[in-house]
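Work through the following exercises with the coordinates open, and check each step of the solutions against the atoms.

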Amino acid sequence: MKFRKEFDSIGQINVPVDKYWGASTQRSKKYFDIGEFLVRPILIKSISIIKKAAAIVHNREKQISSTISRAIIKASDEVISGKLDDHFPLKVWQTGSGTQTNMNVNEVIANRAIEILGGKKGSKNPIHPNDHVNKSQSTNDVFPTAMHIAIAIETKNKLLPSLELLNLELKKKVKKFKSIVKVGRTHLQDATPLSLGQEFSGYQSQLENCISRIKNALGEIFYLAQGGTAVGTGINTKKGFDKKIINEIKKITKLPFKPTKNKFAALAAHDEIVNFSGTLNTTAVCLMKIANDIRFLGSGPRAGYGELILPSNEPGSSIMPGKVNPTQSEAVTMVCVKVIGNHNGITMAGSHGHFELNVFKPLIAHNILQSIDLLSDSSKNFGLYCIKDIEADKITIKKYLDNSLMLVTALAPKIGYDNAAKIAKKALKNKTTLKIEALKSGLIDEKEYDKIVDPKKMIYPNS
């Protein structure tokens with residue numbers, strides 16, 4: 001491998017000649033070689049959006065030349081497009097402000113821009129990573145701004161569409177299953193009837209509420225810290241720079257970003273992200289319940305509940321021929337556990353805002369973006385490869401319903417709670433039906449029994 005010499009305030013260091021990064025990035029590669037997780041590309045692209053927006057504003061304000069501005073913008077666009085992904089090698093576990101990642105972007109954009117202008121990589125001439133690409137910025141406002149941009153983009157483009165897809169598939173099942181009456185279950189024991197459509201409506205309503213919570217929390221994410229620079233004062237910026245750069249970010253992303261109400265809070269704490277993560281945590285709790293119910297209702301096919309027929313996507317066993325497992329539910333529940341764990345990490349990290357800076361930013365960014373990614377993919381798969389093709393096993397459902405002792409609940413207003421309880425217990429003990437024991441009791445005749453104990457009438461309030 002061939003190297004070139006690059007310099008920073010620490011001194012000289014060798015950098016691979018074919019890479020656009022510089023001295024700061026090379027040092028970070030050496031001193032923070034921790035784990036396998038790289039900084040996510042969407043975060044790199046979000047930082048590059050900031051660099052592009054800054055170059056536009058600085059050129060308009062005549063703080064940098066049009067030539068330099070155009071080169072920075074072109075290089076930034078290449079990063080945003082993913083063309084230069086191989087030049088961002090840094091791990092998540094680095095300085096708590098994310099300075100190495102910000103400098104990685106500054107250096108790549110600067111060196112690529114120098115190359116665009118016919119210069120020599122590493123020369124910092126005519127474009128300097130700090131003086132030009134990072135002008136009017138600090139890592140302390142760039143990184144939180146980039147976190148918000150990345151969250152907003154991923155939520156709009158991936159998370160909400162995936163959750164809406166799953167929500168739509170659940171709605172279809174609510175309609176399809178509305179006339180199938182089944183045994184309800186409370187405490188994992190038989191309870192009064194409901195329709196399978198009503199049961200699925202509970203799932204769909206849960207998810208729809210989660211979608212609303214995410215949308216509401218996203219409103220806080222649209223407030224950006226950019227312009228606060230090092231501690232929130234805006235040192236080394238010109239008055240109004242925050243509004244101008246955020247207006248450009250808004251144009252680039254087509255998202256309704258606006259300056260944060262208090263830059264000191266935006267740098268020192270990340271309550272908006274903790275809150276947003278809380279909505280993902282709630283969504284994970286919701287999906288855990290739905291996925292578990294579906295895999296239990298589909299258990300069997302001969303020795304379980306067996307009320308649902310789950311789609312057969314792949315063989316379920318390497319030793320048991322013909323076995324099919326509820327794999328989509330299992331994948332979703334594993335994702336849910338991971339998202340809940342990520343939220344705990346974000347909560348702890350968010351609590352470590354010391355004085356003017358929270359120094360857990362890379363962890364917060366990694367966890368929240370991973371949660372968005374996992375929830376997006378798993379919700380989409382769950383909707384397409386499980387919910388969409390679920391069928392009801394009407395024979396099993398009817399068998400359970402016909403043998404349910406809790407249908408006796410409908411008799412209680414007529415013959416009293418205690419008498420109804422005696423009938424149910426006798427039917428259980430004698431292994432007979434409710435109807436047989438009810439008629440034997442002499443408390444009700446067959447005509448009245450058939451009129452009252454009708455499961456289809458028991459899934460709504462009395463008229």
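Contact here means heavy atoms within 4.5 Å. The model is predicted.

**Exercise 1.** Describe where Lys 52 lies, and determine which residues it is in contact with when its neighbours within four places in sequence are left aside.

Solution. Begin with the location: Lys 52 belongs to helix H2, which covers residues 41-60. Next take the accessibility, where the cut-off for buried is under 20% relative accessible area; Lys 52 has 16%, and therefore it is buried. Then list the partners, which, with the sequence neighbours left aside, are Ile 73, Ser 76, Asp 77, Ile 80 and Ile 252. Finally, look at the side chains, where Lys 52 and Asp 77 are joined by a polar contact of 2.8 Å.

**Exercise 2.** Classify the ring pair of Phe 200 and Tyr 203 from the distance of the centres and the angle of the planes.

Solution. The structure contains three aromatic pairs. For Phe 200 and Tyr 203 the ring centres are 5.2 Å apart and the planes stand at 70°, so this pair is edge-to-face.

**Exercise 3.** Locate Phe 222 and Phe 257 in the chain, and characterise their pairing.

Solution. The geometry comes out as edge-to-face, with 5.6 Å from centre to centre and 75° between the planes. The pair links distant parts of the chain, 35 residues apart, since Phe 222 sits in the loop between H7 and strand E5 (223-224), while Phe 257 sits in the loop between helix H8 (241-253) and strand E6 (258-259). As for accessibility, Phe 222 counts as buried at 13%, and Phe 257 is buried with a relative accessible area of 3%.

Key: Residues numbered from 1 in each chain as written. Predicted model: local features only at pLDDT ≥ 70, side-chain atom pairs only at ≥ 80, totals over all residues. Heavy atoms only, no water. Phe/Tyr/Trp six-rings, centres within 6.5 Å; stacked < 30°, edge-to-face > 60°. Helix = DSSP H or I, 4+ residues; strand = E, 2+ residues; numbered from the N terminus. Buried < 20%, exposed > 50% of the residue type's maximum accessible area, 1.4 Å probe, protein only. Polar contact = N/O pair within 3.5 Å; in protein donor to acceptor, adjacent residues only side chain to side chain.
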